Amino acid sequence: MASIKPIITRFSLISNYKATMVVSLFSARNDFFISLCLFAALYRPVLSKPAKFADDFRITWSDTHITQIDGGRAIQLKLDPSSGCGFASKKQYLFGRVSMKIKLIPGDSAGTVAAFYMNSDTDSVRDELDFEFLGNRSGQPYTVQTNVFAHGKGDREQRVNLWFDPSRDFHEYAISWNHLRIVFYVDNVPIRVYKNNEARKVPYPRFQPMGVYSTLWEADDWATRGGIEKINWSEAPFYAYYKDFDIEGCSVPGPAGCPANPKNWWEGSAYHQLTPVEARSYRWVRVNHMIYDYCTDKSRFPVPPPECSAGI
C-alpha cells in the first residue's frame, strides 16, 4: 500500500494559500480556467510511490481480460462480445482516501461503462460510492455519473460532462471519505460533495467498511443517452487502462481504534470543508458541466431530499 506522510496536511494548507493567491491574481481578468489549472498543479499532495496492482488488488472476474503491464504498475481492462472484467481490493476500509489514474476507451465507446467505486458487499443494506464513466459516440463529451448508497438507499445520481477528453491521457479520480463528508475528485477538482446529514435523518455510510472495485462492462440499455445509443461491437475490443493505485484508510480487520481516531490525516480540519479555491472550482463544474442532479429532478422528487439543501 502506498503511504502519505503526515506532512500532507501542512503541505496542503501551504499549497491552498499559494493557489488562493494565484486565483486572486487572475480574478481581475476573470480567467478562471487558467487559475483552475494552476490550482490543480499546486494543490496536489506529495505521495510516495504508488502501489503495484498486485499489492492491493485481485482480479474478480474474467482474468483473461485483465493484463498487467509496466511491471505490474498498470493494468489493461478489455471488453469484447465474450466478456467484460473486474477487480477488487484485497481488503476493506473504513474511511480514508482512494484514487486511481484511468485512461478511458477512445473513439466510439457508446454503451460501455467503466466503473471505479467502493462497496460494502452487504446486499440490501449496502453502502456504496460510485464513479461510473459512461461511453459516448465519437466527438461527444464523456459523462461521469456519481452515486451514493447509504444503508441500502441510493437514487442519488449526479452527472457531469468532463471538460477534457479522458481517453487521450490518464487522469486521477479520487474518493475522500471521513466522518463529516464524502468528496469525489477529478484531477483534484471536487465535482461532488456529500455531507453527513444524519441530524436530518439522512443515512450516511459510517458503519460498514467498503472494498475498492472497478469493472468494465456493457450497459447499452441505459448508459448512453438513456439507452438510445447501442454498443458497436465492430469497434471491439474496447480497452481502458489503470495505474497509480493508491489506498489510504483504516483496513478492516485491522487496529480496532483506527476508524474512530481523530488523528487520522483524512479527519483533520483541512478535510472538514472545501477550501475557498476548491469551493470556487466546485461551483465552476456545477455551473458549466453538470447535466443531471437528482436534487432538481422534480419528476422523481417533487420535494427535494433533505440533504439537497445542505450546501458544501
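Me: Which residue stands opposite Phe131 in β6?
Reply: Phe116 does. This is a predicted model, where local features need pLDDT of at least 70 and side-chain atom pairs count only at pLDDT 80 or more, while totals for chains, interfaces and linings use all residues. Residues are numbered from 1 along each chain as its sequence is written, and side-chain values use heavy atoms, with hydrogens and water left out.

Me: What makes β5 and β6 a pair?
Reply: Two strands (DSSP runs of E, at least two residues, numbered from the N terminus) pair if DSSP finds at least two bridges between them. Seven bridges join β5, residues 112-119, to β6. That meets the cut-off, so they pair. They run antiparallel.

Me: Which strand is joined to β6 by seven bridges and spans residues 143-149?
Reply: That is β7, which runs antiparallel to β6. Within β7, Phe149 is the bridge partner of Glu128.

Me: Why is β6 called mostly covered?
Reply: Buried means under 20% relative accessible area, exposed means over 50%, and partly exposed lies in between (1.4 Å probe, protein chains only). In β6, residues 128-134, seven of seven residues are buried. Both faces are covered. One side holds Glu128, Asp130, Glu132 and Leu134. The other holds Leu129, Phe131 and Phe133.

Me: What makes Cys250 and Cys258 a disulfide?
Reply: The term needs two cysteine sulfur atoms within 2.5 Å. Theirs are 2.0 Å apart, so the pair qualifies. The S-S torsion is about -75 degrees, so this disulfide is left-handed.

Me: Are Cys250 and Cys258 buried or exposed?
Reply: Cys250 has 1% relative accessibility, so it counts as buried. Cys258 has a relative accessible area of 17%, so it is buried too.

Me: How many disulfides does a search of the whole structure find?
Reply: It finds two. Cys295 and Cys308 also form one, with sulfur atoms 2.0 Å apart. The torsion about their S-S bond is about -80 degrees, so this disulfide is left-handed. With bonded cysteines counted along the chain, the pattern is 1-2, 3-4.

Me: Why is Cys308 called partly exposed?
Reply: Its relative accessibility is 24%, so it counts as partly exposed. Cys295 has 15%, so it counts as buried.

Key: Helices (H or I, at least four residues) and strands (E, at least two) are DSSP runs, numbered from the N terminus.
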